[in-house]
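Open the model in a viewer with the sequence panel beside it. The stops below are given in the order in which to select them.

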Amino acid sequence: MRLGILISGAGSNMMALVEAHAAGRLGGAVPRVVIANRPDAPGLARARAAGVEAVCIDHASFTERARFEQVLVDALRARSVELVALAGFMRVLGPAFLNAFENRVVNIHPALLPSFPGMHAQRQALAHGVKVAGCTVHFVDAGVDTGPIIAQAAVEVRDDDDEATLSQRILAVEHKLYPEAIRAIAEGRVARDGRRVRVSPARPVR
Ligand code: GRF
């Protein structure tokens, strides 16, 4: 299953997927292309250094969102991408993109959804005073971080946490959760029934 990974920044989740693939932990999913919407995204160079094609499609050079999304779709289709993983991709995708990859776009978000969608999720969690934070992998729908949940993992909030320390501990968990979820999809272990998503266990390694 050819994977397209969309980033805007550091790309540490993207690298976690690339490294999981190299280690044989991504099922049949193969990172085929990394696309950034910003030319200065550090993840572009990291992907290339790991041997993955990486291209920039700069959203700022388009006047219409639908046109930007169509160029994204064309780039992914040209590489026969079957599953799209958003990994710190900071643009909301509309129908021009989502209709082209229906049920085949996933995202990772640094909060236990439906709490704290949108920007600065970790800051929102600290401001609210929750004791348990975490991260969520979900299918992408037309809303912001509202799609059906595939996997979640909890991270304890410590009394002395600030946004940086909490974000860092959540990120370390993201780097495990995202490859596991993509692997489950690639292995055909993920079944959707409306909002309920069932993930069957991986077959034990003999
Ligand atoms: C991650 O926390 C991810 O959950 C969020 O944006 C951050 C991206 O980090 N959507 P990176 O670019 O993968 O390092």
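Buried means under 20% relative accessible area, exposed over 50% and partly exposed in between, with a 1.4 Å probe and protein chains only. This is a predicted model, in which local features need pLDDT of at least 70 and side-chain atom pairs count only at pLDDT 80 or more, while totals for chains, interfaces and linings use all residues. Residues are numbered from 1 along each chain as its sequence is written, and side-chain values use heavy atoms, with hydrogens and water left out.

Select aspartate 145. Its relative accessible area is 16%, so aspartate 145 is buried. Aspartate 145 sits in the loop between strand 6 (132-139) and strand 7 (149-156); helices (H or I, at least four residues) and strands (E, at least two) are DSSP runs, numbered from the N terminus. Aspartate 145 has a positive phi near 60°, in a residue other than glycine.

Phenylalanine 116 is not a glycine either, and its phi is positive, near 60°. With 15% relative accessibility, phenylalanine 116 is buried. Proline 114 lies in the loop between strand 5 (105-109) and helix 5 (121-128). The peptide bond joining leucine 113 and proline 114 is cis, with omega about 10°.

**Strand 6 and the strands paired with it**

Show strand 6 as a whole. Of its 8 residues, 7 are buried, so strand 6 is largely enclosed by the rest of the structure. Two strands pair if DSSP finds at least two bridges between them. Strand 5 and strand 6 run antiparallel and are joined by 4 bridges; here isoleucine 108 has valine 137 of strand 6 as its bridge partner. Strand 6 and strand 7 also run antiparallel, joined by 7 bridges. To look at this pairing, select alanine 133, which stands opposite valine 155 in strand 7.

Within strand 6, pick glycine 134. Glycine 134 is buried at 0% relative accessibility. Which residues does glycine 134 touch, not counting those up to four places away in sequence? They are His109, Pro110, Ala111, Leu112, Ala153, Ala154, Val155 and Ile170, where contact means heavy atoms within 4.5 Å. For a distance check, draw a line from the C-alpha of glycine 134 to that of alanine 184: the two are 20 Å apart in space and 50 residues apart in sequence.

**The nonpolar cores**

A nonpolar core is a set of buried Ala, Val, Leu, Ile, Met, Phe, Trp, Tyr and Cys residues joined through side-chain atoms within 4.5 Å. The largest one has 39 residues, and Met14, Tyr178 and Ile182 have the most contacts inside it. Colour helix 6 (residues 163-186), which gives the most to this core, with 7 residues. A second, separate core of 20 residues includes Val33, Leu76, Val84 and Phe97. In soluble globular proteins, nonpolar side chains tend to be buried together.

Select isoleucine 182. Neighbours within four places in sequence aside, isoleucine 182 is in contact with Leu3, Leu17, Leu26, Ala29, Leu83, Ala85 and Val106.

Then move to asparagine 13, in helix 1 (residues 12-22). Asparagine 13 is buried, at 7% relative accessibility. Leaving out residues up to four places away in sequence, asparagine 13 touches Ala87, Ile108, Leu171, Glu174, His175 and Tyr178.

**Rings and cysteines**

Rings of Phe, Tyr and Trp (its six-membered ring) pair if their centres lie within 6.5 Å; planes under 30 degrees apart count as stacked, over 60 as edge-to-face and the rest as tilted. By this rule there are 2 aromatic pairs. Phenylalanine 62 and phenylalanine 68 form a tilted pair, 5.6 Å centre to centre with 55° between the planes. Phenylalanine 62 is partly exposed at 23%, whereas phenylalanine 68 is buried at 4%.

Now show the cysteines. How many disulfides does the structure hold? It holds 0, a disulfide being a pair of cysteine sulfur atoms within 2.5 Å. Cysteine 56 is partly exposed, at 33% relative accessibility, and cysteine 135 is buried, at 0%.

**The hairpin of strand 8 and strand 9**

Finish at strand 8 (residues 190-193) and strand 9 (residues 196-199), which run antiparallel and are joined by 4 bridges. Valine 190 stands opposite valine 199 in strand 9. The hairpin has 2 residues between the strands, and glycine 194 takes a positive phi near 65°.
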